[in-house]
Structures are given as C-alpha cells and as structure tokens.
Amino acid sequence: MSEAILSALGALFEGVRFLFSHGGPNVIMIAVACVMFWLAIAKGVEPLLLLPIGFGCLLVNLPLSEVMQADGVLKTLYDFGIGNELFPLLIFVGIGSMTDFSPLLANPRLLLFGAAGQLGIFITLLLALALGFSKEEAVSVAAIGACDGPTVIFVSNMFAGMNKIPTAMVGALAVAAYSYMALVPVIQPPIMRLLTTRKEREVKMPSPKGKVSKAALIAFPIVVTVITGIVAPQGLPLMGMIMLGNFMKVTGVVPRLASAAENEIANISTLFLGLAIGGTMAGPQFLTRETLMVFGLGLVAITIDTVGGILLGKIWYLLSGGKVNPLVGAAGISAYPMAARLVQNEGQRWNKHNYLLMHAMAANTGGQIGSVMAAAIMLSLLKGLGII
Amino acid sequence: MNNTVFGLTMLVVGMGGTLATLFLLTIVIRVLCAFFPVRPDDKEEKK
C-alpha cells in the first residue's frame, strides 16, 4: 500500500524531477516567456503577438508538456494553420483591409522608397550565407528585413515543411521579426539623424491635393495582383491576400466581409498563429547559437532597410534640387503605420511647420507592397534556380 | 551553385527585380490616375 502511495506521489513530482535533472533550457525559455509578457503588458510592445507567443512558449516548456506532441493542442494548431501557411495568409487579408493606399495613389513615385526599403533583405542574405547558414536558412533569416511577421512565417515555414530548416527556427524567426517591428521606433530615429543633415531634415514637402477617385482605388488591388502573378507567381498567395482584403474594403459593397477580415479573421488567426509559433520554442531546440545569430542578423536587416530608404531619399533630394525630404525614405519599410508616424515626428522635431505624414504614408504603403514583392521575387528566383 | 554566386545572384536579380517591378507599378498607377484623375477636395469644390 505504502509503495503504491509513494509511486503515485513520485508520478506527481515527475515534472519537478525533470526540471532539476535536465530542465535547464526549459527554465530559460519560461523566463523568456515572462519577458515577452512583461514587454507586452508593461511596455505595450506588440501585445497582440507577444502575449499568445509567450503563452505558447510557456505551455511547451513546462516539464513533460505534451502540447506539441502528436494530437497536442499546439501541434494541432500548428498543423492546421502554420504547416500549410494558412494563418499568415489570413492575417494578410486583415492587413489589406486595414491599409489605405490613397496616399500612394496620390503620389505614386514614392512607391520606389518601398523598393529601397528592402535592401536589408538582400544584404542580410549575403551575410547569413557568409556566416554559414544554408541557402534556405539564409533566405528565411533575410526575410526579417521585410519587417513583416506573416511574410517571415510564410517563407520560413515553406522551407520547414520541406525539412530544409529546423521547425524551431520558424519560432526564432517569427519572434525576431515581431520584436524588431516593435523596436522600429528605437532603431530608426538615430539612423535618420546620423544619415541626414539638419537642412535635409527641415525640407518641407507640400501635401498632395485632391481626392483619389474610387475607381482608381478599386482598380489598384486588381492591377497589383495581376502584375505580381505575372512577375513573381510564387508570391501570389501573399500579395493576393493583401489585395483581396483591400479590394473588399475599397469597393464598399461587402462591409460585413471587410469588417470580418479586419476584426474576427485577423484576430482569430493572430491568436492561433501566436500560440502555435510559441509552441515551436521548446528550450532544447530553440536555445542554439543559430537563434542568437538570427536575432543579430534581424537587427542588421532592419538597419540596412532604413539606410537604403534614406540613401534613396538623399539621392532624390539632390536630383530634385532639395524638394524631397530624405526622412521620407525611412518609411519605405513594412511597419505600417509606425514608420510613417516616426517620419512625421522626426520631421516636426526639426521644423514645426513640416507635415510629412501623407508622403510618409505613401512610402510606408509602398514598403508593404515592396516587402511582399521582394519576398515573392525571392521565392520565384529560388524556384527558377531549382532550389525549391 | 556555391553560396557566393547564389547570394550575389539574389542581390542583383532580387533587388533589381523588386526595384523594376515597383517602377513598373508606379507607371501603371500613373496610367490608372490618368483614366481616373484625382478629384479636388470637397472644400475646394464648394469654393
């Protein structure tokens, strides 16, 4: 009898035994989960993502947890929506319905900032290859430069599904991508000040006048989808879903669908995606040298994105005879609308009468299109080179 | 294909392709806006 009681008690404390015997990595990851909670709750850093990711991370790292075993709740969520890239695409439908492309249509030349703002992707790809990552891993790490969580998850998970990168790396990449997106207000301003002169920062740009016609707004998502489909068909699911969301919004004939995309679909997908990504962060697989390198390279990617945008802005400033404020180039990344607001704030800091917001919004939506286009082109190139 | 060639190919064709595609898009948007021009603001219309 006493033996049975002792063995029953032993079973209850098996988790504690595991923690003390070889649970070091799990304890570290539980601490990481707590840091994510602190960032989300106390600092307001990307709470929509960091809270569920942190909780998924907590669940998977508790001793003897079975949430990521076959039929475990997080494994089921992972297979249902990450393994087949469904959740990132559903989030893109929501992002599309939240995005207003009218500043870009009023000033289309600013779309080019959206291309310059992707420089970090390709430079980081070179760096990652030089550091010994495989081609597929390097492309996944470089995608952090897209400043776009769903794009990173879409690209990296495609390779994880082909067993070309470890599944745990998808979690590291997603957390790095979302963390750096949240840190854009910390990363960008020093670079803006470092690369521009006071005279350049003070340049006033007149606000675009007039209203973009509804017909142009409706035609835009169709045109972008068709061009992406022709140029880079591998990225069509990404661009197609953003443009579908935007199309539903601008037509104005399906307000319920647009509202569902913006709210229910985006919210549910975000919750499930966050939990499932957190589930990939099991300590023994996550705590590797590669994870640290992913975070380092992610920072490099976003820094170079900003540099690329500002440098194009400086060239434009020279070519236009000082009519373009180079700060607007910093908004050519996908962190929408945060990057645009930063440019507005930075412009006003140096010239109180400067209103760069509409120009920055145009560059910022250009950055959204540019990041997805860059990812689409990368995937199409990989297909063309026979790598996928 | 070794990693250096692969990386440089991606840099040149990838970045170049992104720039070229977005440049093409700006032209398309301009054409689009020529067909459906920007309307004056409501306030300006009232004036």
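## Contact between chains

In this predicted model, 35 residues of chain A are in contact with 29 residues of chain B, contact being C-beta atoms, placed from the backbone, within 7 Å. The chain B side has 19 nonpolar, seven polar and three charged residues. Here Ala, Val, Leu, Ile, Met, Phe, Trp, Tyr, Cys and Pro count as nonpolar, Asp, Glu, Lys and Arg as charged, and the others, including Gly, as polar.

Residues are numbered from 1 along each chain as its sequence is written, with chains lettered from A and ligands numbered from 1 in the order written. Local features need pLDDT of at least 70 and side-chain atom pairs pLDDT 80 or more, while totals for chains, interfaces and linings use all residues.

## Chain A

Chain A has 21 helices and zero strands (DSSP runs numbered from the N terminus: H or I, at least four residues; E, at least two). The C-alpha trace of chain A spans about 90 × 45 × 45 Å along its principal axes.

Of the 388 residues in chain A, 56% are buried (20 or more other C-beta atoms within 10 Å of a residue's own, placed from the backbone).

## Helices 9 and 10

Helix 9 of chain A (residues 119-130) passes helix 10 of chain A in a right-handed crossing.

Definitions and conventions
A crossing is left-handed if the near helix is turned anticlockwise from the far one by less than a right angle, and right-handed if clockwise. Two residues are in contact if their C-beta atoms, placed from the backbone, lie within 7 Å. A residue is buried if 20 or more other C-beta atoms lie within 10 Å of its own, exposed if 12 or fewer, and partly exposed in between; C-beta atoms are placed from the backbone.
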